[in-house]
Amino acid sequence: MQSSRGYTDLLGRLVRDPKGAVGLGVILCFTILPFLRPLITKYPPLAVGVGVPNEPPSHLHPMGTTSLGQDVFSQFLAGGLVPVEVGVLTGIFTSLLVVLIAIPAGYYSQRLGRLLTLITDVFLIIPTLPLIILIGVYLGPSLINQVLVLTLISWPFPARVVASQVLSLKERGFVQGAKALGASDARIMFGEILPNVTNLIISNSILVIIFAILFQTAISFLGLGVPTAPGWGNMLYYAEQSGAIASGEWWWVVPPGLGILAVAFGFSLLFLRLEELLGVEVR
Amino acid sequence: MVLNFLIPRLMPGNPVSRFVNPLMSPAAQHQILEQFGLTKPLYVQFLLYLKGVFTGNFGLSFLYYPTPVSTLIVQRLPWTLFLTGTATVLAALIGMVLGLLAAWKRGKVDSAALYSSMALRSLPTFWLGLVLLILFGVTLKVFPTSGYFSTSLLTSGGGVLLFIQSLLYHSVLPIITLMAYLVGGNLLIMRASTLNTIREDYVTTLKAFGYDDGKIVYGHVLKNASLPMLTNIGIQMGYIVSGAVLVETVFSYPGMGLLVYQAVLARDYPTLQGSFFVLTLTTLVALLVVDLLYGLLDPRVRR
């Protein structure tokens with residue numbers, strides 16, 4: 001069992017390793033940059049006509065301009081917040097759902113556990129992206145709705161893993177002991193079992209974050225995101241819509257993708273390091 | 001199946017707004033709605049849908065009116081199967097060989113493989129497609145930027161061989177794009193399972209008998225270590241369909257993915273229902289094939 005002090009200590013050990021330090025560094029960097037943007041460049045990300053349209057990179061505009069004469073560099077700096085925000089919120093919501101669903105499911109009955117397995121099997125077969133698009137269109141375009149859709153899609157897998165872990169923990173001595181002492185079910189589930197699956201839930205939530213970031217940008221790229229949110233996915237959507245691909249305007253297309261790659265890779269590094277530290281095998 | 005019916009109907013926006021002109025008389029508007037069966041109560045619509053599923057009749061597409069949805073699917077499905085099938089098989093083979101090498105060689109090769117496969121899995125699929133398009137399609141002009149064969153072949157005639165050549169040529173970039181993510185995942189799984197396999201006693205025994213590495217790896221380790229990867233291919237199915245939507249949109253490749261995307265934008269219920277049903281069915285069949293292959297490779301599960 002780990003106390004809160006244990007987790008502060010964990011953060012220290014996390015960044016002492018190059019993998020953890022680089023991963024966390026990259027993520028924090030792209031989360032803070034949107035706020036530092038006004039200090040770095042004088043052009044607001046959505047301001048139209050600050051430069052000549054469709055201009056390759058120059059010293060005035062280090063990443064060139066869009067077809068509306070917007071500054072790509074400014075958009076790139078601002079664009080990391082939306083995917084990271086949606087990703088992290090999805091990770092948190094999914095973890096909460098997993099705690100509320102998987103622990104009781106694993107604790108109370110094998111049948112509920114089997115139901116979870118069935119749900120994950122169904123989710124394996126249903127075409128993921130079309131489903132996300134459909135529910136997303138139904139809910140309407142807003143960032144919180146994107147979080148809800150992505151949570152709805154991603155909770156069954158970690159839930160299945162956690163429920164099966166709970167099922168085996170249930171038979172262990174300390175749970176049986178607590179039961180013999182007359183502890184309530186809620187006390188056993190959240191006081192005894194939860195601390196023992198926290199590591200598993202945390203490392204799974206990182207995988208969910210990576211998934212959510214990639215899918216958030218994909219939905220936005222398809223033009224089904226939030227049109228006004230300054231994210232990397234939207235940048236790519238507008239680039240494609242205004243024919244940047246056909247005219248070979250690489251400076252508009254390359255930066256946002258590299259940003260997504262960097263952030264997702266950052267979370268993967270973090271995941272790798274966490275796996276070493278927490279000693280959990282997720283897959 | 002029930003989900004398939006309900007989800008498109010819950011979407012906002014009126015599907016027939018593209019056919020119904022507000023200036024039309026209410027009677028004329030009603031007539032069009034009736035033609036599509038949208039005036040009937042919801043449960044009648046559902047029963048008709050159920051009947052359609054079992055008879056392969058999904059109704060007429062709103063978007064490509066009056067083409068039946070089943071005709072659209074029959075036209076589009078082969079291209080998606082071609083793209084995804086080729087990508088899946090190639091990605092499995094490449095991931096298998098690279099993962100095996102990474103685990104066998106250890107050290108620098110291994111960590112290089114580990115980090116590059118992680119990077120491949122962090123790469124947004126559609127963006128990779130866009131970059132490949134700009135680089136090879138627009139700047140270098142080596143590969144075509146859209147479609148699935150040269151339409152000039154239709155007018156000039158050309159032989160079957162030329163046609164096939166054109167097909168392959170148009171599918172190179174989409175397949176590479178789809179493969180990138182899959183190779184990353186396969187490599188990781190194959191590496192882990194090879195590491196487990198080479199620790200087994202029979203490998204040590206073979207080494208002790210003086211068999212050379214190549215014979216041990218390709219004759220014995222490969223087959224046993226590739227079992228978990230086969231399972232992984234089954235898990236990848238959901239991604240492959242999602243990937244197909246993105247890749248087909250980027251490359252304007254006329255498969256099921258593009259059809260679904262266009263149908264969503266146009267609120268084309270019948271096409272969405274039909275496509276969802278067929279995609280789900282295809283995934284099920286693919287999973288069955290994976291299971292059968294598993295039995296073929298591992299006699300222990302046959303029993």
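I began with the order of elements in chain A, which from the N terminus runs α-α-α-α-α-α-α-α-α-α-α-α. My tally for chain A is 12 helices and zero strands (DSSP runs numbered from the N terminus, H or I of at least four residues for helices, E of at least two for strands). The model is predicted, with local features needing pLDDT of at least 70 and side-chain atom pairs pLDDT 80 or more, while totals for chains, interfaces and linings use all residues. Residues are numbered from 1 along each chain as its sequence is written, and chains are lettered from A and ligands numbered from 1 in the order in which they are written.

I looked up the extent of chain A next. Its C-alpha atoms fill a box of roughly 75 × 45 × 25 Å along the principal axes. Of its 283 residues, 47% count as buried (20 or more other C-beta atoms within 10 Å of a residue's own; exposed is 12 or fewer, partly exposed in between; C-beta atoms are placed from the backbone).

Then I turned to the contact between the chains. It takes 31 residues from chain A and 35 residues from chain B (contact: C-beta atoms, placed from the backbone, within 7 Å). The side of chain B that touches chain A has 27 nonpolar, seven polar and one charged residues (nonpolar: Ala, Val, Leu, Ile, Met, Phe, Trp, Tyr, Cys and Pro; charged: Asp, Glu, Lys and Arg; polar: the others, Gly among them).

Helix H12 (residues 250-278) of chain A and helix H5 (residues 107-122) of chain B have axes that come within 8 Å and cross at roughly 130° (axes are lines fitted to C-alpha atoms, for helices over the stretch in contact; angles run from 0 to 180 degrees between N-to-C directions). H12(A) is therefore oblique to H5(B) (under 35 degrees is roughly parallel, over 145 roughly antiparallel, 65 to 115 roughly perpendicular, the rest oblique). H12(A) contributes A:Leu261, A:Ala264, A:Phe265 and A:Ser268, and H5(B) contributes B:Met118, B:Ala119, B:Arg121 and B:Ser122.

Within chain B, H5(B) packs on helix H8 (residues 160-197) at about 140°, with the axes 7 Å apart. That contact has eight nonpolar, three polar and two charged residues.

Last, I looked at the largest nonpolar core, of 127 residues (buried Ala, Val, Leu, Ile, Met, Phe, Trp, Tyr and Cys joined through C-beta atoms within 7 Å). Among the residues touching the most other members are A:Ile133 and B:Leu130. Not counting residues up to four places away in sequence, A:Ile133 touches A:Ile219, A:Leu222, A:Leu224 and B:Val264.

Technical notes:
Contact = placed C-beta atoms within 7 Å.
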